[in-house]
Amino acid sequence: MDEVDNEILSLLKKDARMSIVAISKEVNMSRPSVKERIERLVENGVIDQFTIKLGKNFREEKICFFTEISDCRFSAEEALNYFKGEPSVLEFYILSGTVEYFVKAVAPNIEEMKVILGKWKKIGKIKSSIILEEYIQTDNNDKEM
């Protein structure tokens with residue numbers, strides 16, 4: 001990957017529907033060259049999917065929640081494999097400290113959330129919080145930690 005690939009990725013992160021014509025103008029390259037670069041980024045697994053980000057005005061009646069898992073009976077690899085297979089899981093983090101894993105998940109309703117959390121109790125000690133509102137959502141891939 002070079003500077004042009006990074007610039008293409010940055011443009012697509014802002015607007016996954018941006019046309020190849022518009023991208024080629026932004027990066028000062030021909031359309032076929034840009035198309036080839038994007039195809040290579042997909043083939044190499046740099047781009048996994050082209051998607052949309054729903055706006056605040058889209059309301060879907062679902063419960064979104066965070067769960068901390070500690071005293072886990074699974075190794076990190078086992079936990080990762082388990083949560084990869086969970087359709088309700090949006091994000092999964094392995095942490096240092098007393099909390100070993102941090103999960104962001106979604107359920108269609110409170111009853112289903114209880115079922116999900118009941119399964120996770122077999123993994124370790126859990127503590128969950130329902131997300132009431134989300135104020136800041138950024139794509140931090142461009143930011144340095």
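Which pattern does the protein chain follow, read along the sequence? The order is α-α-α-β-α-β-β-α-β.

**Figure 1. Overview of the predicted model.** The protein chain has five helices and four strands, taken from DSSP runs (helices H or I, at least four residues; strands E, at least two) and numbered from the N terminus. Of its 145 residues, 27% count as buried; buried means under 20% relative accessible area, exposed over 50%, and partly exposed in between (1.4 Å probe, protein chains only). Contacts are heavy atoms within 4.5 Å. Among contacts between residues at least 6 apart in sequence, 62% join residues at least 24 apart. Residues are numbered from 1 along each chain as its sequence is written, and side-chain values use heavy atoms, with hydrogens and water left out. Because this is a predicted model, local features need pLDDT of at least 70 and side-chain atom pairs count only at pLDDT 80 or more, while totals for chains, interfaces and linings use all residues.

**Figure 2. Helix α3, residues 31-43.** The helix has 13 residues. From first C-alpha to last it reaches 18 Å, close to the 18 Å expected at 1.5 Å a residue; the expected span is 1.5 Å times one less than the number of residues. V34, R37, I38 and L41 are its buried residues. Seen down the axis of α3, they fall within an arc of 95 degrees, so they line one face of the helix. The arc is that of the directions from the helix axis to the C-beta atoms. On the other side, P32, E36 and E43 are exposed. The cover over the buried residues of α3 includes α1 (3-14) and α2 (20-27). G45 follows α3, with a positive phi near 80 degrees.

**Figure 3. The contact of α2 with α3.** The two axes come within 9 Å and cross at roughly 105 degrees. That makes α2 roughly perpendicular to α3. Axes are lines fitted to C-alpha atoms, for helices over the stretch in contact, and angles run from 0 to 180 degrees between N-to-C directions. Angles under 35 degrees count as roughly parallel, over 145 as roughly antiparallel, 65 to 115 as roughly perpendicular and the rest as oblique. From α2, the contact takes I20, V21, I23, S24 and V27; from α3, R31, V34, K35 and I38. By class, these are six nonpolar, one polar and two charged residues. Nonpolar covers Ala, Val, Leu, Ile, Met, Phe, Trp, Tyr, Cys and Pro; charged covers Asp, Glu, Lys and Arg; the others, Gly among them, are polar.

**Figure 4. S24 in helix α2.** At 7% relative accessibility, S24 counts as buried. Not counting residues up to four places away in sequence, S24 touches M29, S30, R31 and V34.

**Figure 5. The contact of α1 with α3.** These helices pack at about 80 degrees, with their axes 11 Å apart. α1 and α3 are therefore roughly perpendicular to each other. V4, D5, I8, L9 and L12 of α1 meet V34, R37, I38, R40 and L41 of α3. The contact divides into seven nonpolar, no polar and three charged residues.

**Figure 6. Helix α5, residues 110-120.** M113, I116, L117 and W120 are buried. Down the axis of α5, these buried residues fall within an arc of 95 degrees, so they line one face of the helix. The face turned away from them carries the exposed residues E111 and K114. The buried residues of α5 pack against β1 (63-70), α4 (76-84), β2 (89-94), β3 (101-107) and β4 (125-130).
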